[in-house]
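Good morning, and thank you for joining.

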Amino acid sequence: MVGEVESLRGRARLQRGAARSRLAHGLPRSQSALAVLTVLAAAWSSGPSRAQDYDGRALSAEELHRLANGELVTRPMRTQRGELRLFGGSSWQVIDAPPEVVWAGLHDAPRYPKMLPAVLQASVVATRERERDIYIHQGAWPIFTSYYVTLRDSADGRSFDFKLDDSRPNGLRAGWGFVRLLPYPPHRTLLAFGVLADVGHGILVWFARSLLQRWMLEIPSTVKHFLDRGGRHLYVARHGPVVGER
């Protein structure tokens with residue numbers, strides 16, 4: 001991983017002019033291609049919730065450009081691990097709120113039905129130091145499921161990992177993932193998300209797998225929409241005004 005990051009930094013130095021040319025169109029004046037590369041290099045070297053955990057490739061110039069223009073970037077993935085047939089992948093979204101506000105929203109489980117795709121009910125059922133067990137009921141006709149996940153916060157308060165709680169009854173066979181929040185100039189957040197899950201077998205699940213995968217990878221985008229449409233005001237009071245708010 002260190003070698004990959006050093007390689008990225010080397011390319012940024014050697015090809016700075018080319019990178020600026022490819023990325024400058026559509027970028028805010030206060031933000032340069034080098035600044036974006038620096039933010040992402042920090043993400044890739046920051047521990048177990050790295051932005052590229054699930055496919056190992058650095059974001060391309062085209063993907064960086066899409067992020068700067070407010071688009072969702074996704075990389076779907078399907079893989080077999082022993083008996084598990086996993087699908088999911090990684091996705092990224094720039095959100096117009098600072099990391100502490102996005103963090104507060106992501107820890108507001110009762111509002112997950114407004115924030116996450118197809119979630120019908122969510123509640124915290126247990127808490128421990130830096131951990132929460134959350135019950136989630138999710139789906140759309142004719143596919144519905146319920147499960148419990150354990151979320152564990154990092155010590156720096158900028159990432160958390162989650163996994164299926166195997167000690168409780170679940171409608172999923174396996175699942176785990178991560179969320180990482182990165183400062184994105186000037187006062188925004190890059191939300192990096194990864195998930196892999198096995199939802200079991202059956203004819204309905206087989207037909208719905210592509211839909212379920214799309215729901216998973218849309219999470220950074222639906223969080224952004226929730227915060228953009230008034231949700232962030234629920235959390236601003238805890239952390240002071242969002243830059244740019246009147």
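With which side chain does the side chain of Gln138 make a polar contact? The partner is the side chain of Tyr147, and the separation is 2.6 Å. Please bear in mind that this is a predicted model.

Let me place Gln138 first. Gln138 belongs to strand β4, which spans residues 131–140. Gln138 has a relative accessible area of 15% and is therefore classed as buried, the cut-off being under 20%.

Next, the surroundings of this residue. When neighbours within four places in sequence are set aside, Gln138 is in contact with Pro117, Ala118, Val119 and Leu120, and also with Ile143, Phe144, Thr145 and Tyr147. As for Gln121, 17 residues away along the chain, its C-alpha atom is separated from that of Gln138 by 7.0 Å.

The largest pocket has a volume of about 680 Å³. Its lining comprises 35 residues, and those closest to the centre are Ile136, Gln138, Tyr147, Phe162 and Ile219.

Which elements supply the lining? At least two residues each come from β4, β5, β6, β7, β8, α7 and α8. The largest share, six residues, is supplied by β5.

Finally, the composition by class: the lining of the largest pocket holds 30 nonpolar residues and five polar ones, with no charged residues. Thank you; I welcome your comments.

Key
Residues numbered from 1 in each chain as written. Predicted model: local features only at pLDDT ≥ 70, side-chain atom pairs only at ≥ 80, totals over all residues. Heavy atoms only, no water. 1 Å grid on protein atoms, 1.4 Å probe; cavity = no way out; pocket = protein on both sides within 12 Å on 5 of 7 lines; lining within 4 Å. Points joined across faces, edges and corners; volume = space filled by probe spheres on them. Helix = DSSP H or I, 4+ residues; strand = E, 2+ residues; numbered from the N terminus. Nonpolar A, V, L, I, M, F, W, Y, C, P; charged D, E, K, R; others polar. Buried < 20%, exposed > 50% of the residue type's maximum accessible area, 1.4 Å probe, protein only. Contact = heavy atoms within 4.5 Å. Polar contact = N/O pair within 3.5 Å; in protein donor to acceptor, adjacent residues only side chain to side chain.
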